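Reader: I am new to this structure. Please take me through one part of it closely, and keep it brisk.

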Amino acid sequence: MTLKLTINGQERELAVPPQTPLLNVLRNDLSLNGPKYGCGLGECGACSVLIDGMAARSCVLPVSAAVGHNVTTLDGLAQNGQLDPVQQAFIDAQAAQCGYCLNGMIITVRGLLNHNAQPTAEQIRAALEHNLCRCGTHVEILQAAERAVVINAVALEEAPYE
Ligand code: FES
Ligand code: FES
């Protein structure tokens, strides 16, 4: 069975069983290594992607559920050679130790800002509550997320989304 998907703005046709986890298709068939395999159970957030701008856990999402939606991975966040403001904020804040969780953190913050450009500190905490970091860099991650709000606001002023 051939499925038509829109991944990082590109139309892709894939002959894969419809129940295959989206994460497997992204990593194994499309070589998009932004999303990470962590728990495989929807509990850690490492595999997060954006589906129509909202964060979703691709390890528990059958690829067929992504048909007709826009899937964005970490690999597709940068535009025109420019990092997404959330990516830039995480670099600025040096929020990584091993970095394995950062895909999920960045995608989750991007998803939050897509529907709430000025979240409070509590709303940021709530959004990230179910993203796990085994290295314990939560303080830096929260700082990065708060910086992302600021950088994102500047970017929106310069080039507002349509
Ligand atoms: S790998 Fe998907 S939530 Fe952990
Ligand atoms: S930085 Fe290592 S898991 Fe978060």
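Author: Asn8 has 25% relative accessibility, so Asn8 counts as partly exposed. This is a predicted model. Asn8 sits in the loop between strand 1 (2-7) and strand 2 (10-15). Its phi is near 50°, a positive value in a residue other than glycine. Most residues other than glycine have a negative phi.

Ser31 also has a positive phi, near 55°. Ser31 lies in the loop between helix 1 (22-29) and strand 3. Its relative accessibility is 55%, so Ser31 counts as exposed; the cut-off for exposed is over 50%.

Now to helix 3. Helix 3 covers residues 102-115, 14 residues in total. At 1.5 Å a residue, helix 3 should span 20 Å, and its end C-alpha atoms are 20 Å apart, which agrees. Helix 3 is mostly covered, with 12 of its 14 residues buried. Among them are Leu102, Asn103, Arg110 and Leu113. The cover includes strand 4 (54-57), strand 5 (70-72), helix 2 (85-92) and helix 5 (138-158). Helix 4 (121-128) is also part of that cover.

How do helix 3 and helix 4 pack, at what angle and with what distance between axes? The angle is about 130°, and the axes are 10 Å apart. The two helices are therefore oblique to each other. Helix 3 passes helix 4 in a right-handed crossing. From helix 3, Met105, Thr108, Val109 and Leu112 meet Gln123, Ile124, Ala127 and Leu128 of helix 4. By class, this contact has six nonpolar residues, two polar and no charged ones.

Technical notes: Residues are numbered from 1 along each chain as its sequence is written. Chains are lettered from A and ligands numbered from 1 in the order in which they are written. This is a predicted model: local features need pLDDT of at least 70, side-chain atom pairs count only at pLDDT 80 or more; totals for chains, interfaces and linings use all residues. Side-chain values use heavy atoms; hydrogens and water are left out. Helices (H or I, at least four residues) and strands (E, at least two) are DSSP runs, numbered from the N terminus. The expected span of a helix is 1.5 Å times one less than its number of residues. Buried means under 20% relative accessible area, exposed over 50%, partly exposed in between (1.4 Å probe, protein chains only). Contact means heavy atoms within 4.5 Å. Axes are lines fitted to C-alpha atoms, for helices over the stretch in contact, and angles run from 0 to 180 degrees between N-to-C directions. Angles under 35 degrees count as roughly parallel, over 145 as roughly antiparallel, 65 to 115 as roughly perpendicular and the rest as oblique. A crossing is left-handed if the near helix is turned anticlockwise from the far one by less than a right angle, and right-handed if clockwise. Ala, Val, Leu, Ile, Met, Phe, Trp, Tyr, Cys and Pro count as nonpolar, Asp, Glu, Lys and Arg as charged, and the others, Gly among them, as polar.
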